[in-house]
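Subject: Structure for your files

Hello,

Please find the structure below, with the sequence. My notes on what was found in it follow.

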There are 2 protein chains.
Amino acid sequence: MIPKTRSPRKPKGQGAERREEILDAALTLFGQKGVHAVSTRQIAELAGISQPALYAYFATKDEIAAELCVRAFAILGQRMAQARVDFTPTAACFDRCLRVYIQFGLDHPDAYRVAFMLEKAADGSFLEKTGGRPMEAGKAVFATFVEVVGELHAAGLVAGDDVEAVTQALWAGLHGLVSLLIARPEFPWVDRETLIATHVAMLRRGALK
Amino acid sequence: MIPKTRSPRKPKGQGAERREEILDAALTLFGQKGVHAVSTRQIAELAGISQPALYAYFATKDEIAAELCVRAFAILGQRMAQARVDFTPTAACFDRCLRVYIQFGLDHPDAYRVAFMLEKAADGSFLEKTGGRPMEAGKAVFATFVEVVGELHAAGLVAGDDVEAVTQALWAGLHGLVSLLIARPEFPWVDRETLIATHVAMLRRGALK
DNA sequence: TTGATAAGTTATCAGTGATCGACAACGCCG
DNA sequence: CGGCGTTGTCGATCACTGATAACTTATCAA
């Protein structure tokens, strides 16, 4: 039996959907102007509600960003899992995993910023204030990377035996490209595909035998 | 009305000295709490002046951060130039250049953040609002990297012929490590020296023949 | 009709970056 | 000595931020 003891009240908007409307508005504005440049009043106005009404759904502004971040990471996790389904310990599959990560960062720059590029706050990091959920999502993705590198190592393809260290170095290498492309689009980069190809090749030659 | 005791003016530091005092105070606070978490009033109090007095020396708060950034980059430029004096196209010298960059980032995390990790503003990036001076300083350092890679390429040691692309990929790889160590110190990193050594080795094997 | 409750509002708070006009000290000319 | 602009600083204040309190309205259970 599934008693529907609670009916949604929808005075104006659609009660339960209000949260989604807020997230939609926030995602749009964050993408346009950056997280720090968007105020709660702007989010509220685009969502069609008053500014204090936001706080019925989110404790803080950061929590809105964190929610968007977690959702984006769910997408990354999906893509990584997908790349892992037909993964074999080969250089080609290695490259594909790296490109999945890079492509995700370029597809979701705002989520990526929230997860890995936001400045730490005074009383602990943003991640701590939001219950560490974005960090957890990121760690899950990182764990997948560890698995991938572990399989390659088992196949004798990894240079060095410290799988954890190699994975962290690899991740750092990937993050550098993604975060710089996001944070400094005005830099006179070479052709983007050329840069990505060069970068992936460099990491592959550096990490594999 | 009780007549106020007239304002105790503080003619302490004159002209250029005040400016240095402000920069010192800002550097201290930025390092402790992060750029965004420090207010102009806090800077002013630590500098021993009123908050509006700041604006006699700096047009905006960002300009204070930019000034500190430029100064820090002068240090990086010095170190890079120093590493270039006795540079020979060898793997060892290559490694040394990479480590100079990494060490700089770890020594001046706040300057590094201002230069490469700050979020873009609505009306253009922070760098544009401050006249692009931090960006210029960064580009000068990047130019040195291009020279170094160019010499290695001339010696036939670089994998691939697109020196610019390789340099950008290298820089991205370095930036990734530095920025992640700065932004996510709470991540369960392996031993720092191990990680740096692994990373440098990975980049070397990936970029050189 | 009641009471309870969920959802949204207006009004307001303390704190932010930045600006304005007033005022104190100083150098300078008379 | 007295008057006067210049320079440096200040208190007061502005528009805006994130967040909270108190009140109003809509809906449901009884």
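Just after helix 7 of chain B, G156(B) takes a positive phi of about 75 degrees. Helices here are DSSP runs of H or I with at least four residues, strands are E runs of at least two, and both are numbered from the N terminus. Helix 7 of chain B covers residues 133–154. Its 22 residues should span 32 Å at 1.5 Å a residue, and the end C-alpha atoms are 32 Å apart, which agrees; the expected span is 1.5 Å times one less than the number of residues. The buried residues of this helix of chain B are P134(B), M135(B), A137(B), G138(B), T144(B), F145(B), V148(B), V149(B) and L152(B). A residue is buried if 20 or more other C-beta atoms lie within 10 Å of its own, exposed if 12 or fewer, and partly exposed in between, with C-beta atoms placed from the backbone.

Before you go further: this is a predicted model, in which local features need pLDDT of at least 70 and side-chain atom pairs count only at pLDDT 80 or more, while totals for chains, interfaces and linings use all residues. Residues are numbered from 1 along each chain as its sequence is written, and chains are lettered from A and ligands numbered from 1 in the order in which they are written.

Confidence

pLDDT is the predictor's confidence in each residue, from 0 to 100. Chain A averages 86, and 86% of its residues score at least 70. Among the elements of chain A, helix 9 has the highest mean pLDDT (98) and helix 6 (residues 126–129) the lowest (58). Over residues 1–10 of chain A the pLDDT is below 50, and this stretch has 4 contacts in the model beyond near neighbours in sequence. Two residues are in contact if their C-beta atoms, placed from the backbone, lie within 7 Å. Where pLDDT is low, the predicted coordinates should not be read in detail.

Chain A and its domains

Chain A has 9 helices and 0 strands. Of its 209 residues, 40% are buried. Among contacts in chain A between residues at least 6 apart in sequence, 66% join residues at least 24 apart.

The domain assignment, which is automatic or from a database, gives domain 1 (13–58) and domain 2 (61–207) of chain A. The C-alpha centres of these two domains of chain A lie 28 Å apart.

E21(A) is found in helix 1 of chain A and counts as partly exposed, with 17 C-beta neighbours inside 10 Å. Its C-alpha atom is separated by 9.5 Å from that of A44(A), 23 residues apart along the chain.

Helix 3 of chain A

The 25 residues of helix 3 of chain A should span 36 Å at 1.5 Å a residue; the end C-alpha atoms are 37 Å apart, which agrees. Its buried residues are I64(A), A65(A), A66(A), E67(A), L68(A), C69(A), A72(A), F73(A), L76(A) and M80(A). What covers them includes helix 1, helix 4 (91–107), helix 5 and helix 7 (133–154) of chain A.

G77(A) also has its place in helix 3 (residues 61–85) of chain A. G77(A) is partly exposed, with 17 other C-beta atoms within 10 Å. Leaving aside neighbours within four places in sequence, G77(A) is in contact with A140(A) and V141(A).

The two chains

In the interface, 42 residues of chain A are in contact with 42 residues of chain B. Helix 5 (109–117), helix 8 (163–183) and helix 9 (192–207) of chain A are the elements that give two or more residues to this side of chain A. Helix 8 of chain A provides the largest share, 14 residues. By class, the side of chain A that touches chain B has 21 nonpolar, 13 polar and 8 charged residues.

A rotation of 180 degrees with 0.1 Å of shift along its axis superposes chain A on chain B, with an RMSD of 0.1 Å. That is the relation of a two-fold axis. The superposition is by least squares on the C-alpha atoms of residues with pLDDT of at least 70 in both copies. The same surface serves both copies, as 100% of the contact residues of chain A recur in chain B. Of the residues of chain A, G176(A) comes closest to the rotation axis, at 1.7 Å (C-alpha).

Regards

How values were computed
Nonpolar A, V, L, I, M, F, W, Y, C, P; charged D, E, K, R; others polar.
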